[in-house]
Structures are given as structure tokens and as C-alpha cells.
Amino acid sequence: MVETYILRIGHRHDRDQRVTTHVGLTGRALGAKGMYLAADDPGVVESIAGVAKRFGGSFTIQDKVSWKQCINNFKESGGRIVHLTMYGLRIQDVIGEIRACEKVLVIVGAEKVPGEVYGLADYNIAVTNQPHSEIAGLAVFLDQLYQGRELDAEFSDAEISVLPCERGKETVER
Ligand code: SAM
């Protein structure tokens, strides 16, 4: 199964903390292995790492990366680059090809994405050609990629596990 990492670019310290944190949490919950953040924001790192520690699994988070170096390193290690953008090709037309990759780096922007990213990406992919959000785009991308199988993922070594229940909240703490 294709391994997915996220690269978050354009993060602004005061404006984007909540959305960037949700990009990481959504990625983790829906099957991504880790996130690279092209910004210096220890608060976001702590928040995502804290959830990963309590709720299990092995999601990694690293900030202060250079986005260009991250893309080049990922390519050199044999990975393919997917850039989520409303201007890209229709996800439904290319997701089959991406599913055959060994590992992919999914780039999501915040403010305007540098034009160079469009050229460095192997795939510029649109989740509809309408403007919306990086969190929604990432969630639909991962669900299309994993075809719903990500919903059955187990999170190992969790300190807290939620027990599905019809009403109320049930958890097990270890
Ligand atoms: N205005 C910015 C630009 O033109 O680059 C994008 C801002 S948008 C709120 C932030 C991010 O959401 C984008 O960089 C892209 O990754 C993602 N996004 C928004 N709409 C999308 C769509 N229809 N398909 C895929 N990704 C989308």
C-alpha cells in the first residue's frame, strides 16, 4: 500500500495554526505516515505529537524544513510528488496511477503557493476544480487513494482508545 507523507507550505504562525494542526491530525487519522512543516512552529508540532502519543500509531511530525529540499530529498529517495491544487487534473482521472506508487509526498498550501511547486510536482491534482480547503482536499485525496481501507486502521500503543458507542463517550485508558 502506498505510503503517504504531507508537506505543508505557506504556514503563517498566527493565522494558520489551527488549520495546519488539523491538516496533520486529519492526515494521521486517514492513513498518512507523517507531516513536514515548512515553518518554525513548535506549538503545532507539540499539539500533533501530543495527539499521536495519546491516541497511538507512529505518525511523525517535523517542522523547520525547507520545502524545496524536502521535495528534492523525497524525489531522490524514489518518492513521487502530488500537489493538491484547484487548478490541477481531476483526481478521479489520475488516482489509479498514484495508487501504484510506492510512496508519495502530498503538498498542501496555505497562502499562495510558489509557482515553482507546480513544475516540481509529478502530479498537480484537483479535488474538484473549485476553491475550498486544504483539510477537505487532503481528506478526500486520502480516502480516494486508500478506497476506504484507511477507516479500518489500528493505532498501536495508544494510551487512550475510543470504544464506538451509540450514545455518550466510552474510552479505555492504559
Ligand atoms: N489561493 C491559494 C493559491 O491559489 O495557491 C490557495 C489557498 S487554499 C485555501 C489552500 C490550499 O487548499 C491550496 O494550496 C490547496 O492545497 C488546497 N485546495 C484548495 N482547493 C482545492 C481543490 N479544489 N483541490 C485540491 N486542493 C485544494
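In this predicted model, a backbone N or O atom of Val-127 lies 2.9 Å from a nitrogen atom of the ligand. Two further backbone pairs involve oxygen atoms of the ligand, one with Leu-84 and one with Gly-109. The distances are as follows.

| Residue | Protein atom | Ligand atom | Distance |
|---|---|---|---|
| Leu-84 | polar backbone atom | oxygen | 2.6 Å |
| Val-127 | backbone N or O atom | nitrogen | 2.9 Å |
| Gly-109 | polar backbone atom | oxygen | 3.2 Å |

**Parallel sheet**

Six strands form an open sheet with parallel pairing, in the order β3-β2-β1-β5-β4-β6. The edge positions are taken by β3 (60-62) and β6 (123-126); each has a single partner strand, so one side of each is left without a neighbour in the sheet. On average, and with direction ignored, neighbouring strands of this sheet are turned by 30° against each other.

Within the sheet, β1 (residues 3-8) pairs with β2 (residues 34-37) in the parallel sense, over four bridges. Tyr-5 has Gly-34 in β2 as its bridge partner. Helix α3, residues 67-76, lies across β1, β2, β4 (80-90) and β5 (103-108). The angle between α3 and β5 is about 160°.

**Helix pair α1 and α6**

Helix α1 covers residues 17-29 and helix α6 covers residues 134-146. Their axes are 9 Å apart and the packing angle is about 10°. Angles under 35 degrees count as roughly parallel, and α1 and α6 are therefore roughly parallel to each other. On the α1 side the contact consists of Val-19, His-22, Val-23, Thr-26 and Gly-27, which meet Glu-134, Ile-135, Leu-138, Ala-139 and Leu-142 in α6. By class, the residues of this contact divide into six nonpolar, three polar and one charged.

**Antiparallel hairpin**

Strands β7 (residues 160-163) and β8 (residues 170-173) pair in the antiparallel sense, with four bridges between them. Ile-160 stands opposite Glu-173 in β8. The two strands, β7 and β8, form a hairpin with six residues between them. Gly-168, in the turn, has a positive phi of about 80°.

Definitions and conventions:
Residues are numbered from 1 along each chain as its sequence is written. This is a predicted model: local features need pLDDT of at least 70, side-chain atom pairs count only at pLDDT 80 or more; totals for chains, interfaces and linings use all residues. Side-chain values use heavy atoms; hydrogens and water are left out. Two strands pair if DSSP finds at least two bridges between them. Axes are lines fitted to C-alpha atoms, for helices over the stretch in contact, and angles run from 0 to 180 degrees between N-to-C directions. Contact means heavy atoms within 4.5 Å. Angles under 35 degrees count as roughly parallel, over 145 as roughly antiparallel, 65 to 115 as roughly perpendicular and the rest as oblique. Ala, Val, Leu, Ile, Met, Phe, Trp, Tyr, Cys and Pro count as nonpolar, Asp, Glu, Lys and Arg as charged, and the others, Gly among them, as polar. A polar contact is a pair of N or O atoms within 3.5 Å; within protein, one must be able to donate a hydrogen and the other to accept it, and residues adjacent in sequence count only if both atoms are side-chain atoms.
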